[in-house]
Amino acid sequence: MSKTRLTYFASCLGMALAMTWASGCSAPASNDPQGTGGSSSTAGTTGNGGNGSTAGTTGNGGNSATAGTTGNGGNASGGNPGTGGSISTAGTTGSAGNAAGATGSAGRGGTTGSAGTVGSAGTTGSAGRGGTTGSAGTTGSAGTTGAAGTGVRMDQAGVPLAKAGDTTSTSKKYLNLGDMRLINNRWGSDALGCSGTQQSVMINSDKTAGWMFTRPACGGARGDPDFPEVEFGVAPFGTTSSLLTTPAFSSTTLLPIQLKDLQSASVNVDNFFISVSGSSPYWDNNVEFWISKNDPRTSTDGGVYAEIIMFTGWQASRLQQTVGWPCDKSGTVTAGSTSYNLCHQSDDWSSGHWRFFNFNINQGPFSSWTGKMDVKALLDFVRSKYSGFTDTMWLTRIEVGTEVDDNTSGTAKIKNLTFEVNGQNRSFEFAQ
């Protein structure tokens, strides 16, 4: 019987060369023949003008090739005025030179020639070659990812994962084991005001989970035991129930689960060992689970419907009529690695709050036990024998612990527990 919870270069060189050429002349003498104008080949120095008698036909303008420096005008002796020569066709404009040529000196005689056409701007030179672009640097290798931070995993109440050597003797306190909790549950002594009880839970140096207990005569008449335990799941009583012995929040993502969705559930127990002493000890090692009508995460009243418990160990006199609690029911079910015998059943347990089913392990009791307990198989057996269960009910919590009553002292430890629901497993977790 327990009550527990859960992140262009642009450079443009614009060169405009405006070149204006004009020449002036005096009246030539009639006996002064006019020379033919020298032809320009390369737009270099302009040829000297011929001696003019009759004004010679003005020579065709030299073809300007590359725009060189304009030559000095030729000196013409003044002759008789000749008929004005035809205006030469403007020479082909060469590419723009580096600078405008100097205006030539005015020639004597001859008709004033038309101004030469300003040469078109020379083709802009190709941009100078930029320096050779450097090769791209080699990309560095990715840095090694740093080690994970040293932060310790916390549960929803801010309690960090337990480590070897952790212990608590405070009632209702617990050690965080990942998806389960090791609880110092001494509800019986608290209810009876039994201040003499000494009880604590701990993680041993070998990382076994354990507890020690010394309970004097508290006057509970074997109806108000203490229950140091490992719990997996959610307290079945509801978020505000007075029956809560631990915080009501969930300690796992696998429970609670509605029975209609439950395909499998089990507990693998690795060496559950107990050593007991006392004048007339009264105790049991057990695995138990709870069924509620409502989801206790969202309901103030979980509507606890049934407590189903399996004893794996108990004191030798437990079943004696005059000393203990002899069985009054029968029925056997194989559930995991062994079978269990139905011993007690009540529809009016805990003052009418819920139903109660008690099984004892076949061929027990054992002070040290390793095995698998199949929760789903036990639940199916109960449902086949007793009506009232529905698929809308919830499997809320599974527990493994020791019930301790008056005049009982001892120690217990568990090497490991693995809880399984629908193929997903959860085992002890510890801080490093």
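Guide: Cys 327 and Cys 343 form a disulfide, with 2.0 Å from S to S. The term covers any pair of cysteine sulfur atoms within 2.5 Å. The S-S torsion here is about -100°, so the link is left-handed. Cys 327 sits in the loop between β10 and β11, and Cys 343 in strand β12 (residues 339-349), so the bond ties together parts 16 residues apart in sequence. Strands (E, at least two residues) and helices (H or I, at least four) are DSSP runs, numbered from the N terminus.

A word on the basis. The model is predicted, so local features need pLDDT of at least 70 and side-chain atom pairs count only at pLDDT 80 or more, while totals for chains, interfaces and linings use all residues. Residues are numbered from 1 along each chain as its sequence is written, and side-chain values use heavy atoms, with hydrogens and water left out.

Cys 327 has a relative accessible area of 40%, so it is partly exposed. Cys 343 is at 1%, so it is buried. Buried means under 20% relative accessible area, exposed means over 50%, and partly exposed lies in between (1.4 Å probe, protein chains only).

Leaving out residues up to four places away in sequence, Val 323 touches Arg 222, Tyr 282 and Ser 317. A contact needs heavy atoms within 4.5 Å. Tyr 282 is 41 residues from Val 323 along the chain, with 9.7 Å between the C-alpha atoms. Tyr 282 also has a charge over its ring: the charged end of Arg 318, 4.3 Å from the ring centre. For that label, NZ of Lys or CZ of Arg must be within 6 Å of the ring centre and within 35 degrees of the ring normal. Elsewhere, Arg 181 lies over the face of Tyr 174, 4.8 Å from the ring centre.

Now the ring pairs. The whole structure holds 14 aromatic pairs. Rings of Phe, Tyr and Trp (its six-membered ring) pair if their centres lie within 6.5 Å; planes under 30 degrees apart count as stacked, over 60 as edge-to-face, and the rest as tilted. Phe 232 and Phe 419 have ring centres 4.6 Å apart and planes at 10°, so they are stacked. This pair links distant parts of the chain: Phe 232 is in β6 and Phe 419 in β16 (residues 408-421), 187 residues apart. Phe 232 is buried, at 0% relative accessibility. Phe 419 is buried as well, at 0%.

Trp 325 belongs to the loop between β10 and β11, and Phe 356 to strand β13 (residues 354-361), so parts 31 residues apart in sequence are tied together. Trp 325 is partly exposed, at 27%. Phe 356 is buried, at 2%. Ring pairs also join Tyr 305, Phe 357, Tyr 386 and Phe 389 into a cluster.

Back to cross-links. The whole structure has 2 disulfides. Besides the one already described, Cys 194 is joined to Cys 218, with 1.8 Å from S to S. This link is left-handed, with -65° about the S-S bond. It connects distant parts of the chain, 24 residues apart: Cys 194 in the loop between α1 (187-192) and β4 (198-203), Cys 218 in the loop between β5 (209-215) and β6 (229-233). Cys 194 and Cys 218 are both buried. Counting bonded cysteines along the chain, the pattern is 1-2, 3-4.

Ser 189, in helix α1, touches both of these cysteines, and its contacts also include Thr 197, Arg 215, Asp 224 and Asp 226. Ser 189 is buried, at 1%.

Next, β4. Of its 6 residues, 5 are buried. β4 and β5 pair antiparallel over 6 bridges; pairing requires at least two DSSP bridges between two strands. Met 202 has Gly 210 in β5 as its bridge partner. The β4-β5 hairpin has 5 residues between its strands, where Lys 207 takes a positive phi near 60°. β1 (residues 167-168) runs antiparallel to β4, joined by 2 bridges. There, Thr 168 stands opposite Val 201.

Last, the whole chain. It has 2 helices and 17 strands. Of its 432 residues, 44% count as buried.
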